[in-house]
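Okay, everyone, thanks for coming. Let me put the structure up, and then we'll walk through a few spots in it.

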Amino acid sequence: MSRVRGISELAGPVLLLALVALAGSVASRSVALEFRSALVSATIVIALYVFVGNSGVVSFGHVSFVAVGAFAAGLVSVPEALKLSVSPELYPFIARAEVGNAASLAIAAAVGGVYAFLVGVPLMRLSGLAAGIATFAVLEITHNVLRNWPRIGPGAKTLSLVPETSGFLQVTIGAVAVAVIAFAYQRSRPGRLLRAAREDPAAAQGSGVNIHRQRLVAFTLSGALAGFGGGLLVHLLGSITTEQVYLDLTFITLAMLIIGGVSSLWGAVVGALLVSGLNSFLAEAEKGIGGLDLPTGARLVTLGTLMAAVLLFRPGGIVSRAQAPRVSPALARRLASLRPFARERAS
Amino acid sequence: MSERAAPLLEVAGLEVRYGRVAAVRDLSFAVGRGEAVALVGPNGAGKSTTLHAVMGLVRPARGDVRLGGRSIAGLAPEAVARSGIALVPEGRHVFPHFTVEENLRLGLVARRAHDGVADDLRRVYRLFPAVEEFRGRPAGLLSGGQQQQLAIARGLLAAPDVLLLDEPSLGLAPTVVDAVFETLAEVRAGGVTVVLVEQRAQLAAAFADRTHVLANGELRLTLGPGDAEDTDLLTQAYFGS
Amino acid sequence: MNALQTVVDAVALGSLFALVAMGIALIFGVMRLVNFAHGELLTAGAYALFLTTELPLAVSIAVLFATVIAFALATEVAVRPLRAASPAAMLVTTFALSFLLQSVFLLVWGSQGDNAGILPELNRAADVGGLRIRWVTVASIGVGALLLVGTALLLNRTTIGLEMRAAAHDFRTARLLGVRTNRVIRFAFLLAGVLAAAATLMLVVQRPLVTPVYGFQLVIPALVGVVVGGLDRLTSATLGGFAVGFGTSVLGDVLPSDGRVFLPSVVFALVIVVLLARPSGLFTRARTVVERV
């Protein structure tokens with residue numbers, strides 16, 4: 001079982017987030033936006049980590065929760081007349097809703113959490129490949145529905161004029177809060193039970209752990225946090241479209257988590273900030289600033305290569321110490337014999 | 001038997017580790033052409049591990065495995081198979097969805113001699129009538145004993161220099177085991193060099209020219225066919241310090 | 001009449017999806033790799049066709065096959081470190097590779113899309129007993145059937161086919177029997193490349209606009225179909241691919257026009273249902289053990 005190394009596991013990432021916030025707040029306007037964006041990314045990646053890191057199950061669908069959170073927060077922050085002019089067919093309860101900043105974030109988290117719960121009830125029985133495909137299906141369905149159902153949102157059009165309330169204070173507090181919640185969860189009994197189940201599912205089940213339930217808890221929490229991240233996102237950008245919360249974001253957040261290291265909070269934060277930094281730098285370079293002039297698309301190529309390279313050669317991520325999971329040989333053999341697809345291929 | 005002729009298969013100072021545990025420690029033995037050598041011992045003695053090391057399924061930490069004087073340690077299993085060693089694995093591992101004939105055809109993959117296939121096939125059918133009878137049917141329909149026969153037949157069709165057998169009696173009824181060993185005797189009489197890992201020490205000792213007793217990864221004792229009845233000796237070797 | 005037309009069109013699309021699915025399943029069989037980036041084979045092929053539009057047909061087709069096969073063999077090299085990884089890790093890594101390749105295509109050709117129109121004559125329809133069937137539909141079914149049968153024959157009647165099936169069933173024992181698994185894996189990729197190239201040709205005839213996401217959009221349903229059909233066995237996986245293609249086509253015709261935009265949702269919802277009901281796949285006979293805790 002992974003050892004959770006005490007409060008330093010939380011203090012480190014939080015300090016890093018605070019430092020980044022501090023550095024960004026004194027930077028120029030456009031750069032400050034990049035910093036805030038990095039902090040919002042960190043929030044989303046931490047949310048993803050809460051589920052993927054603790055359960056060991058890959059989810060391609062988490063951006064669905066970011067999406068519903070973003071749209072929910074956005075829709076309730078915009079005056080009715082404006083909403084109806086963009087989407088005349090909106091359901092009245094959505095059209096009429098107009099709340100303040102904090103409430104919109106709370107709604108975003110709630111919507112994300114509820115959606116994750118509903119999705120999780122059936123899906124948490126799956127793992128491995130089936131879970132990957134099923135969560136990808138959720139992403140596709142969410143995108144498809146959001147884009148084509150004019151009664152719940154702007155559909156293919158942009159939802160704009162959302163108040164840009166995600167200043168440094170908001171995103172930093174948001175990121176730190178999410179980190180604290182993630183840490184509290186992984187130290188809690190449900191979190192530890194889930195991690196035990198990740199290491200050795202059969203043994204955990206044998207000890208009475210209801211894996212389905214524990215995964216559902218993590219998934220729901222993760223969905224709520226992702227929804228919250230979506231809320232932060234929409235208030236950062238001032239607008240949102242379905243394409244902004246679809247495949248690109250899925251890829252980027254997965255990349256961040258994987259490059260940083262799937263199994264720890266540190267990894268999630270480091271990965272998010274590092275890749276955000278790289279992303280921003282490369283985006284600037286594409287525009288020909290900073291002495292480098294890269295062609296458009298080089299940014300994605302670079303990130304893709306980096307992600308692929310990490311996955312192929314250092315699957316534990318940058319933060320991990322070892323390249324292989326830290327399991328003793330005897331335990332490894334026992335795990336191998338328990339798992340149906342015993343990996344005998346490695347020669 | 002063939003002390004002066006160079007050994008066909010030689011294991012020298014073999015050490016195999018799983019993590020920090022040494023499953024086989026400083027093991028040395030040799031098998032001459034046409035000989036039958038058995039490895040016996042309690043569970044966990046390292047018998048199967050030795051065969052795995054010979055076949056390249058696991059890399060030795062120390063020591064060497066030599067075939068015809070040439071080192072084969074560290075070769076991939078398919079390369080070892082193609083060098084002329086065939087393993088009849090523990091648990092048979094026939095392909096149940098393939099027909100018996102297809103299973104036999106797989107045995108031909110590692111074969112180096114491209115001629116004589118028809119003759120070898122005839123010989124194998126004569127040795128194992130059940131295999132011939134069921135040749136068009138899925139191998140999964142065969143009984144345990146018949147599958148064992150199929151696995152041995154498959155090994156023989158590779159025309160190997162050395163035939164390794166890992167626990168051929170496992171899971172088989174006593175009468176079936178007797179039949180298998182009778183056939184093995186015929187196989188050996190046909191000139192095939194055999195290395196046998198067996199739980200049934202007495203059976204193995206009676207069959208082989210030399211029986212090496214392993215315990216805790218080390219070679220404890222070497223027996224001749226006459227020692228098969230000596231249970232005291234065996235017990236000492238298995239459980240003594 | 002209309003129903004028959006729907007069925008014929010669906011069989012055609014199903015055949016093409018089956019070709020792609022079979023390629024995915026072949027690779028999965030021999031190395032347990034689920035390749036999210038399989039679609040990029042099709043995109044590469046489509047761009048190859050775009051680049052050779054001015055050249056004679058035979059040359060164009062030759063370049064298509066050469067390009068796709070080269071890409072396939074390159075993929076084999078690229079994924080070698082993944083041989084011992086878990087299926088989820090493979091999924092994520094190949095997802096990254098897919099994205100990487102899409103970005104490269106975007107970099108080189110931009111997102112506008114290029115017209116790789118080939119054999120436009122095939123898009124003409126023939127009147128067959130009241131049905132208007134396009135030649136390309138007939139060609140798709142024909143090519144699909146030919147290649148599927150051909151591959152089946154290859155697998156069942158040849159030694160390399162036997163070796164592939166053995167490696168897919170029991171990799172370790174296959175090695176012990178002397179099967180050169182590296183060669184077998186390479187051959188599987190080669191075969192998958194051939195199938196993908198043929199599918200690309202038929203697809204480009206019908207959808208000549210090539211974008212960086214051309215193959216990705218098509219392969220996701222195919223991949224899903226493979227998993228849904230039953231990843232473990234070649235026939236079930238191919239049937240799964242066929243079913244998704246068939247189903248998508250039928251649903252596209254059958255759904256009311258305002259419901260048609262939700263076609264992806266319907267398909268994916270069905271996928272989830274199948275995964276929950278039969279995690280080992282729709283068309284598998286045996287109860288294969290799947291990661292289900």
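Let's start with a helix, α7 of chain A, residues 128-148. It has 21 residues, and from first C-alpha to last it reaches 30 Å, close to the 30 Å expected at 1.5 Å a residue; that expected span is 1.5 Å times one less than the number of residues. Helices here are DSSP runs of H or I with at least four residues, strands are runs of E with at least two, and both are numbered from the N terminus. α7(A) is mostly covered, with 18 of its 21 residues buried. Buried means under 20% relative accessible area, exposed is over 50%, and partly exposed is in between, using a 1.4 Å probe and protein chains only.

Quick housekeeping. This is a predicted model, so local features need pLDDT of at least 70 and side-chain atom pairs count only at pLDDT 80 or more, while totals for chains, interfaces and linings use all residues. Residues are numbered from 1 along each chain as its sequence is written, chains are lettered from A and ligands numbered from 1 in the order written, and side-chain values use heavy atoms, with hydrogens and water left out.

Staying in chain A, have a look at A:Gln214, in helix α11, residues 211-237. Is A:Gln214 buried or exposed? It counts as buried because its relative accessible area is 11%. Leaving aside neighbours within four places in sequence, A:Gln214 is in contact (heavy atoms within 4.5 Å) with A:Tyr185, A:Pro190, A:Leu193, A:Leu194 and A:Val209.

Now A:Thr165, which sits in the loop between α7 and α8 (168-187) of chain A. This one is partly exposed, at 28% relative accessibility. Beyond four places in sequence, A:Thr165 touches A:Asn101, A:Gln170 and A:His235.

Over to chain B. B:Val117 is in helix α4, residues 117-127, and is also partly exposed, at 28% relative accessible area. Not counting residues up to four places away, B:Val117 touches B:Leu108 and B:Arg111. B:Arg70, 47 residues away in sequence, is 27 Å off, C-alpha to C-alpha.

Two backbone angles while we're here. Most residues other than glycine have a negative phi. B:Arg92, though, has a positive phi of about 70°; it lies in the loop between β6 (85-88) and α3 (100-107) of chain B, and at 11% relative accessibility it is buried. B:Asn216 has a positive phi too, near 55°. That residue is in the loop between β9 (210-215) and β10 (218-223) of chain B, and at 53% relative accessibility it counts as exposed.

Last stop, the interface of chain C and chain A. Here 50 residues of chain C are in contact with 52 residues of chain A. The buried area is about 4,600 Å², with carbon and sulfur atoms giving 76%; that is accessible area (1.4 Å probe) lost by the two parts on being put together, summed over both.

On the chain C side, the elements giving two or more residues are α1 (2-31), α4 (87-109), α7 (171-176), α9 (214-230) and α11 (263-277). α4(C) gives the largest share, 14 residues.
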